[in-house]
Amino acid sequence: MKKVVWILLILLQSFNLFAVDLANNSFVDFVRFVSNSTNKNFIIDENVDKGISIILPHHFNNKDAYRVLVSILRKHNMYLQKIGSVYYIKKDKKIKHFYSYKMVFLLPDKVIPIIKKYYPSVPLSKSKKTIIFQSFSDDAIQIKKLLSLLDSPTKSKKIRISLISYKKSDLYKYGLTLNTSISNGSNNIEYKNFLDNLLSVSSIAVNYNNFNIAAYFTDLKTKELIDFKFSPVLSLYDNKSTSFSITQNIPYLDGTSSINGANDIKQNTYKYNDVGSVINIDHVSITDDSVYFHINMKYEVILDKTATPTTSKRSISNYLKIKDGQSLLISGLTSSEISKLHREIPLLSSLPWIGKAFQWDSNEKKNETFAIIISCIDTSNEFALRGVTPAISRGEKGLTQ
């Protein structure tokens, strides 16, 4: 049947006017027809797309056939290269086209600088979450592969950081009351070991299961043996820094000046400092079941309410690794603080000459021990997110005495 079509087309050439519909013929067939029409020799390169559909319902002469071929080649990123009496049809890799890629997880502003680093000559622009660029076809393939690699969800973990204070003497007495006999199971034995670690005089790091830690804290908090200073939940992202702070802007007496005049007036000047808790986390590396990070934590409290208050600072800096569902206990952080107390009897302390007799200052020494518990939360478990065990949430007895 195809032979009949080509015979009819060749017969129409003699009139230089014909109507052609090549919808059911391949690109190769059309090139063969143009070759017969123009008496030119063509060779098609192996990289050329030969699956192009061609429909030419218009009347045109022999010269039009060649112009149509050239137009098709230009449209589909191809060109003719004449070598002697032969025309080579090749794919042109030197033509730049516009391409687009729609981001899903990241914003274009985060990705464009990275693409420019590897392809500095490629112009890039954005429209909402779509990146638009102009490049060669080969570069476009590589750029899209790089964009696909970059545009992936960032790994993340949730951790809870708890700072608790307690008196060693009280914990020691409570530990003596625990029944650690085998008949009561292993719960109280593990609990006793936990209390022993809290009482340690040296700073140690011990791993515990999150469920056990939650049960221990619930029991100690109920008996008013520990005091939570703070316990925030932080989200950590791979290769990102995270910070958390709870501070108060406290005024400090900076100086006193006198203004001489009809009346001698004293004027105080103050400066302000932030006092409280600050947590900085960096160098975060997240795997499927663990998180590695460096933590720098500072905890500062005011010891007195004078015009020039004294503060006490505690800090820790360490690189840690915690697995999912595990807690890391850092204990052995002791503090001996001396607080200045000022007391006075209202009205009487304001009397001229004798008012100082109704005022007095004293120092109060306070010994406290601190521990830090860092838990890697299993986000797939609702009890872990709430910081309780299933037994406690159902009102069951998790520890025996």
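**Aromatic contacts in the predicted model**

In this predicted model, F370 has a relative accessibility of 1% and therefore counts as buried. Its partner in an aromatic pair is Y299, which counts as buried because its relative accessibility is 10%, where the limit for burial is under 20%.

The structure holds 12 aromatic pairs. One of them joins F230 and F244, whose ring centres are 6.4 Å apart; the planes meet at 50 degrees, so the arrangement is tilted. F230 belongs to strand β11 (residues 226-230) and F244 to strand β13 (residues 242-259), so this contact ties together parts that are 14 residues apart in sequence. Both F230 and F244 are buried.

The pair formed by Y299 and F370 is also tilted, with 6.1 Å from centre to centre and 55 degrees between the planes. Y299 is located in strand β15 (residues 290-302), whereas F370 is located in strand β18 (residues 359-377); the pair therefore ties together parts that are 71 residues apart in sequence.

Aromatic residues also occur as a group. Y174, Y191, F194, Y208, Y216, F217 and F228 make up one aromatic cluster.

Contacts between charged groups and rings were examined as well. The ring of Y66 has the charged end of K40 sitting over it, at 5.2 Å from the ring centre. Over the ring of Y88 sits the charged end of K90, and here the distance to the ring centre is 5.7 Å.

Note on methods:
Residues numbered from 1 in each chain as written. Predicted model: local features only at pLDDT ≥ 70, side-chain atom pairs only at ≥ 80, totals over all residues. Heavy atoms only, no water. Phe/Tyr/Trp six-rings, centres within 6.5 Å; stacked < 30°, edge-to-face > 60°. Helix = DSSP H or I, 4+ residues; strand = E, 2+ residues; numbered from the N terminus. Buried < 20%, exposed > 50% of the residue type's maximum accessible area, 1.4 Å probe, protein only. Lys NZ or Arg CZ within 6 Å of the ring centre and 35° of its normal.
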